[in-house]
There are 2 protein chains.
Amino acid sequence: MQRQDKKTRLQVIRMIVSSQAIESQEELLVEMDKAGFPCTQTTLSRDLKQLRISKVRSRGGRNVYAMPREGQFQPVPTHEEIKKSRWSLGENGSLMVIHTPPGHASMVAYDLDALRSPLLLGTIAGDDTILVVLAPGADAAEARSLIKDTVPGLKSN
Amino acid sequence: MQRQDKKTRLQVIRMIVSSQAIESQEELLVEMDKAGFPCTQTTLSRDLKQLRISKVRSRGGRNVYAMPREGQFQPVPTHEEIKKSRWSLGENGSLMVIHTPPGHASMVAYDLDALRSPLLLGTIAGDDTILVVLAPGADAAEARSLIKDTVPGLKSN
DNA sequence: CTTTTTATTGTCTATTTATGCAGAACAAAG
DNA sequence: CTTTGTTCTGCATAAATAGACAATAAAAAG
């Protein structure tokens, strides 16, 4: 059993996975071969586990491997104020951006949508971010206060 | 073949998945049974796909189902040039749209969020598209170069 | 109502991923 | 050098997930 440089192999995997849409370990196997790092599906399974790389659903119904969102390689450098409160509200013209703790965005967006306020055209929620689109001609200050009244986390901001 | 309420079943799945650590479809199957929504592994496989719920790696080396990180964001229709390269950056006033290979958007968006740059108000990630909202008065050119420096795939663009 | 089309679901099976086990490489002691 | 323990790897196989197909139900069209 020839032993190869595992550290390098892991790097190669990261490189491949983050630069192309890999849909299976067999597919990755081929790429590893091309890259000059032949191995087996078994090894890739274990490497991917160690790298915390998982398959995520893409829109076309495809499943592709993707790097972990919280990589073990990049501790999040948080701002102090942001650390304190994970809630924030920013605006730019007819758009507002609300930051929430991870996972809370869609819930909050739902509450905002439920208002059915003529001031708000609509919302788009990510994991921890909401984009609020104001209605044309809507008063930004008015909208801001409406949002703050609706979203408890923003009260103090 | 009795037909049950699919909409409700999907809701139940979402509830279960987001409230407990489900490690396999068989396990989910049991929970669905308990919840009064018996079905088969096949159905769960399809439902999870439709809900875009995927398995992610947890720290303890376990694999757990998790809700998708993005909400109902509709990817922007792609232009011809954009299709050519899988990475692209477009802008329109205070908005920038980044296209990535499928499944990579949330990872990139995470990196951008982690910058905590005053230039960027926030990001919303779809599957292969990221919407970046610039801060009011932010210099678009400056933001563009910041983004290019942060996202390796955009280097050549 | 009858016919046609579309959607939903299960069974059976293929595909994909993970694991038990064993052998070899390496490292640390003795 | 020899022994002992650890890490890495592949093979064979188990476990988990997805897909083809068929059956039935619901909806739409006539």
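This is a predicted model: local features need pLDDT of at least 70, side-chain atom pairs count only at pLDDT 80 or more; totals for chains, interfaces and linings use all residues.
1. Of the 157 residues in chain A, 41% are buried. The secondary structure of the chain comes to 6 helices and 6 strands, and from the N terminus on the elements run α-α-α-β-β-α-β-β-α-β-β-α. If you are looking at contact order, take the contacts in chain A with a separation of 6 or more: 47% of them are between residues 24 or more positions apart.

2. Next, the sheet. Chain A has an open sheet of 4 strands in the order β3-β4-β6-β5, with antiparallel pairing. Which strands stand at the edges? They are β3 (88-92) and β5 of chain A, each with a single partner strand, so one side of each is left without a neighbour in the sheet. From one strand to the next, the twist averages 20°.

3. A closer look at one pair in that sheet may be handy. β5(A) and β6(A) run antiparallel and are joined by 5 bridges.

4. Helix α5(A) lies across β4, β5 and β6 of chain A and runs at about 165° to β5(A). Helix α6(A) packs on the sheet too, where it touches β3, β4, β5 and β6 of chain A. The direction of α6(A) makes about 25° with that of β4(A).

5. On to a helix pair. Two packed helices are described by the angle between their axes and the distance between the axes. In chain A, the axes of α1 (residues 6-19) and α3 (residues 41-50) come within 11 Å and cross at roughly 80°. The helices α1(A) and α3(A) are therefore roughly perpendicular to each other. On the α1(A) side the contact is made by A:K6, A:R9, A:L10 and A:I13, and on the α3(A) side by A:T43, A:L44, A:D47, A:L48 and A:Q50. By class, that contact has 4 nonpolar, 2 polar and 3 charged residues.

6. Setting aside neighbours within four places in sequence, A:D47 is in contact with A:K6, A:R9, A:L10 and A:I13. In chain B, B:D47 is found in helix α3 (residues 41-51), and at 2% relative accessibility B:D47 counts as buried. Not counting residues up to four places away in sequence, B:D47 touches B:K6, B:R9, B:L10 and B:I13.

7. Staying with chain B, have a look at strand β6 (residues 129-134). How many of its residues are buried? The count is 6 of 6. In a regular strand the side chains alternate between the two faces of the sheet. Both faces of β6(B) are covered, with B:T129, B:L131 and B:V133 buried on one side and B:I130, B:V132 and B:L134 buried on the other.

8. The partners of β6(B) come next. Strand β4 (residues 95-99) of chain B pairs with β6(B) in the antiparallel sense over 5 bridges, and B:I98 stands opposite B:I130. Strand β5 (residues 120-125) of chain B is joined to β6(B) by 5 bridges and also runs antiparallel to it; here B:I124 stands opposite B:L131.

9. Finally, helix α2 (residues 25-34) of chain B. Its buried residues are B:Q25, B:L28, B:L29, B:E31 and B:M32. Seen down the axis of α2(B), these fall within an arc of 165°, so they line one face of the helix. The helix is followed by B:G36, whose phi is positive, near 85°.

Methods. Residues are numbered from 1 along each chain as its sequence is written. Chains are lettered from A and ligands numbered from 1 in the order in which they are written. Side-chain values use heavy atoms; hydrogens and water are left out. Axes are lines fitted to C-alpha atoms, for helices over the stretch in contact, and angles run from 0 to 180 degrees between N-to-C directions. Helices (H or I, at least four residues) and strands (E, at least two) are DSSP runs, numbered from the N terminus. Angles under 35 degrees count as roughly parallel, over 145 as roughly antiparallel, 65 to 115 as roughly perpendicular and the rest as oblique. Contact means heavy atoms within 4.5 Å. Ala, Val, Leu, Ile, Met, Phe, Trp, Tyr, Cys and Pro count as nonpolar, Asp, Glu, Lys and Arg as charged, and the others, Gly among them, as polar. Two strands pair if DSSP finds at least two bridges between them. Buried means under 20% relative accessible area, exposed over 50%, partly exposed in between (1.4 Å probe, protein chains only). The arc is that of the directions from the helix axis to the C-beta atoms.
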